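The following note sets out comments on the model shown below. Please read the points alongside the sequence and the coordinates.

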Amino acid sequence: MSSIVATTDLTKRYGSTTVVDGLDLAVPEGSVYGFLGPNGSGKSTTMKMLLSLVQPTSGEVLLMERPMNRATRRGLLAHVGSLIEAPPGYGHLTGRENLRLAQRLLGLSERQVDQAVRTVRLQDHLDKKVRNYSLGMKQRLGIALALAREPRLLILDEPTNGLDPAGIEEIRELMRRLASRGTTIMVSSHLLGEIDKTATFLGILSQGRLIFQGSRADLFQAATPDVVLRCSDPPAAHRLLAARVPSTLTGQELHLAGLGDHHVAACVDTLVSHRIGVFDVRRREQSLEDVFRDLTAGGRL
Ligand SMILES: Nc1ncnc2c1ncn2[C@@H]1O[C@H](COP(=O)(O)OP(=O)(O)OP(=O)(O)O)[C@@H](O)[C@H]1O
């Protein structure tokens with residue numbers, strides 16, 4: 001699969017603070033790439049570097065397999081639509097007037113604008129002033145402006161921020177529709193649940209570093225779920241194992257964190273050799289939220 005966005009060692013420093021730290025991003029063509037990370041982890045800065053709105057301190061950006069630089073920037077960005085931070089649009093103008101402005105500015109056809117408006121389902125609200133739009137409508141107008149040039153790649157920074165559940169679902173549904181037509185979407189969020197169901201690929205950022213990149217299945221595989229162990233003498237087992245592995249005693253269950261299969265076997269061995277009967281050993285069921293929380297809290301992987 002070819003990468004429509006690829007970065008090598010992409011880094012941004014402000015003074016002595018590194019806010020984006022050596023990113024090697026690979027966004028597969030045709031994917032919905034969920035770019036996740038807590039607030040302040042560097043998502044917006046990264047997206048701005050991809051769009052050449054912020055100059056990287058070091059590293060390289062390839063869009064559509066071509067390096068982004070002063071000479072290629074204009075040509076490459078003609079294939080990219082974006083919505084970064086606050087939705088664009090002049091409040092004192094109507095939706096239609098805003099679209100007309102963009103149409104003239106970007107040299108778009110009537111058909112392109114019409115189609116974009118229909119895609120975001122804004123055709124019945126075009127004569128209203130944008131300042132009277134709901135946040136969801138403003139976001140949809142922003143996406144329509146980004147879509148009108150029929151981009152191969154759409155970069156959306158927290159498009160569901162501040163929306164109510166219905167608005168969030170609308171944006172999700174829109175992303176799914178666009179993806180099914182072949183547009184690659186890179187979408188950021190600090191809330192996994194908001195893009196989890198839409199994203200086919202995930203990149204997770206923590207303190208400027210990419211701590212995971214891959215499919216959802218890869219993520220589950222890479223994160224080691226806790227082992228839950230029941231045995232004949234939980235307090236004794238806890239005393240025996242706590243020195244070697246992070247272990248907590250919850251009621252009659254012992255929870256062992258971050259253990260690979262061989263370590264689990266070694267723990268069971270230890271218990272049995274101390275005449276503690278092992279009743280049950282299983283991996284804890286975990287949601288994607290748990291994995292995300294563990295990863296971003298501990299910065300491990
Ligand atoms: N122009 C700037 N000068 C100095 N520091 C900056 C600048 N822009 C961003 N930062 C810092 O870089 C860090 C990452 O910010 P960024 O906006 O990229 O994070 P984010 O993951 O998008 O978070 P959020 O969701 O809150 O926007 C933050 O600590 C921010 O304060």
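The points below treat the basis of the model, its sheet, its helices and its ligand shell.

1. Basis. This is a predicted model, in which local features need pLDDT of at least 70, side-chain atom pairs count only at pLDDT 80 or more, and totals for chains, interfaces and linings use all residues. Residues are numbered from 1 along each chain as its sequence is written. Helices (H or I, at least four residues) and strands (E, at least two) are DSSP runs numbered from the N terminus.

2. Annotated region. The unreviewed UniProt entry lists residues 5-232 as "domain: ABC transporter"; such annotations may be inferred rather than shown by experiment, and positions follow the numbering used here, with feature names shortened.

3. Sheet. Six strands form an open sheet of mixed pairing, in the order β7-β8-β9-β4-β10-β11; two strands pair if DSSP finds at least two bridges between them. β7 and β11 are the edge strands, each pairing on one side only. From one strand to the next the twist averages 15 degrees, where axes are lines fitted to C-alpha atoms (for helices over the stretch in contact) and angles run from 0 to 180 degrees between N-to-C directions.

4. Strand β10. β10 pairs with β4 (residues 32-36) in the parallel sense over four bridges, with Tyr33 facing Phe201 and Leu36 opposite Ile204.

5. Hairpin. β10 also pairs with β11 (residues 209-214), antiparallel, over five bridges. Two residues separate these strands, and Gln207 in the turn has a positive phi of about 50 degrees.

6. Helices. Helix α1 lies across β4, β8, β9 and β10 at about 150 degrees to β8, contact requiring C-beta atoms, placed from the backbone, within 7 Å. Helix α6 (residues 165-180) lies across β4, β8 and β9, at about 155 degrees to β9.

7. Ligand shell. Residues around the ligand include Tyr14, Lys43, Glu158 and His190; a residue is near if its C-beta atom, placed from the backbone, lies within 6 Å. Helix α1 (residues 43-50) supplies the largest share, three residues.

Notes. Contact = placed C-beta atoms within 7 Å.
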